[in-house]
Amino acid sequence: MPTILAIESSCDETSAAIIQDSKIVSNVIANQTIHRLYGGVVPELASRAHQQNIVPVVEQALVQANVPKKSLDAIAFTRGPGLLGALLVGVSFAKSMALALQRPLIEVNHMQAHVLAHFIEPPLPSFPFLCLTVSGGHTQIILVKDYLQMEIVGQTQDDAVGEAFDKTAKMLGLSYPGGPLIDRYAKAGNPQAYTFPKVAMPGFDYSFSGIKTAFLNFINKNKQKDTDFIKHNLADLCASMQQTLIQILLEKFQKAALHYQVKEVAIAGGVAANSGLRTQLTELAKKEQWQVYIPAFQYCTDNAAMIAMAAHYKFLAEDFASQEVSALARLPFSAS
Ligand code: KG4
Ligand code: ZN
């Protein structure tokens, strides 16, 4: 069984992990707090922070795992989707290290890795299962047929649900990332206090851009009557917005699960850390008699352990990336 170093640098977390004999033996994450000052991720600052963090983060991952560099069988990195400058830091580092050590290189799709986070620790799902993958950049319903065989059966046609959480939080004056703060304030609020419009989308697709505008208009209208409307109603606003987003997510997901007749369901990605979503999916699964899989909090948001898990299966499948310098040029940094 291989020992692999994996690097994640797609957005605002610099992370490195070691997988040995299919077990994660270290997972180091450096969060970039600088973006809080700007209310969202600033790509240029993210690249610079990755550049500063990558060497110490990789060193720490090797030390914690007690693995010398020469024991590594492969080097893996996040190939995309993500921020171009941020991805480049991970790609260049991984490629240089693979060349220096004369080891194969493995490129990993970030969204596929979010799904494979379910195989880091038991209970492990069995195939096929349906995974709702919800992050700051994506919202997908994925039919998972095997470790490396996945089909996107539905997805957002505009904003990701994580973006809807973050942008509405910003409108409420909360800092970035807003998702965890909405989650926290929602606990003290009434989820039925306000209703926000849900856009009907065909098939198993989603749309989250309209709800942001509706929320902004709603707040502005109410501020005309009460200038401290947000302050007086923060918990109810958070609870109602969170509830609307969860309902939109789960209505489509339920429809897809019934259509594909799956018996096992899962959630993945940063928004899978949302306590309301976790509870309500668990309740829905109980009602529908599905087996439900919800990852530990540290494996929901971005981390290199999930990249290492995906790399493990790619290593077994001998799915290696090219070592050619020209291969860098063909690395797609769009949604692939
Ligand atoms: O997967 P992730 O760490 O990065 C991307 O690949 O985008 O997801 C980040 C997203 C952010 O939008 C953040 O607000 C959201 O996950 N998030 C949450 C919670 N924790 C993180 N959203 C709602 N509730 C949470 N508890
Ligand atoms: Zn992610």
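## Exercises on a predicted model

**Exercise 1. Which atoms meet in the salt bridge between Lys167 and Glu163, and how far apart are Lys167 and Glu163 in helix α4?**

Step 1. Find the two side chains: those of Lys167 and Glu163 meet in a salt bridge, with 2.9 Å from N to O. Keep in mind that you're looking at a predicted model.

Step 2. Now check the helix. Lys167 and Glu163 are 4 residues apart in α4, so about one helical turn separates them.

Step 3. Look at accessibility. Lys167 is partly exposed at 33%, and Glu163 is partly exposed at 22%.

**Exercise 2. Which residues join Glu163 in one network of salt bridges?**

Step 1. Start with another partner of Glu163: its side chain also meets that of Lys212 in a salt bridge, at 3.8 Å from N to O.

Step 2. Check Lys212: with a relative accessibility of 15%, it counts as buried.

Step 3. Asp159, Glu163, Lys167 and Lys212 form one network. The whole structure, by the way, holds 11 salt bridges.

**Exercise 3. Which parts of the chain does the Glu107 and Arg79 pair tie together?**

Step 1. Spot the contact: the side chains of Glu107 and Arg79 form a salt bridge at 2.9 Å, N to O.

Step 2. Locate each end. Glu107 sits in strand β5 (residues 105-109) and Arg79 in strand β4 (residues 74-80), so the pair ties together parts 28 residues apart in sequence.

Step 3. Buried or exposed? Glu107 is buried at 12%, and Arg79 counts as buried at 18%.

**Exercise 4. Which protein residues are donors of the zinc ion (ligand 2)?**

Step 1. Go to the zinc ion and list its protein donors: His110 (NE2), His114 (NE2) and Asp302 (OD), at 2.0 to 2.1 Å.

Step 2. Read off their spacing in sequence, which is H-x3-H-x187-D.

Step 3. Check how accessible they are: His110 counts as buried at 5%, and Asp302 counts as buried at 13%.

**Exercise 5. Which residues touch the most other members of the largest nonpolar core?**

Step 1. Take the core of 49 residues: Leu130, Leu132, Ile141 and Leu172 touch the most other members.

Step 2. See who contributes. Helix α7 gives the largest share, 15 residues.

Step 3. Zoom in on Leu130. Leaving aside neighbours within four places in sequence, its contacts include Ile141, Val153, Phe253 and Val265.

Step 4. Finish with the second, separate core: it has 31 residues, among them Ile4, Ala6, Ala76 and Tyr299.

How values were computed:
Residues numbered from 1 in each chain as written. Chains lettered and ligands numbered in written order. Predicted model: local features only at pLDDT ≥ 70, side-chain atom pairs only at ≥ 80, totals over all residues. Heavy atoms only, no water. Donors = N, O, S within 2.8 Å, 3.2 Å for Na, K, Ca; no water. Buried < 20%, exposed > 50% of the residue type's maximum accessible area, 1.4 Å probe, protein only. Core = buried A, V, L, I, M, F, W, Y, C linked by side-chain atoms within 4.5 Å. Helix = DSSP H or I, 4+ residues; strand = E, 2+ residues; numbered from the N terminus. Contact = heavy atoms within 4.5 Å. Salt bridge = Lys/Arg side-chain N within 4 Å of Asp/Glu carboxyl O.
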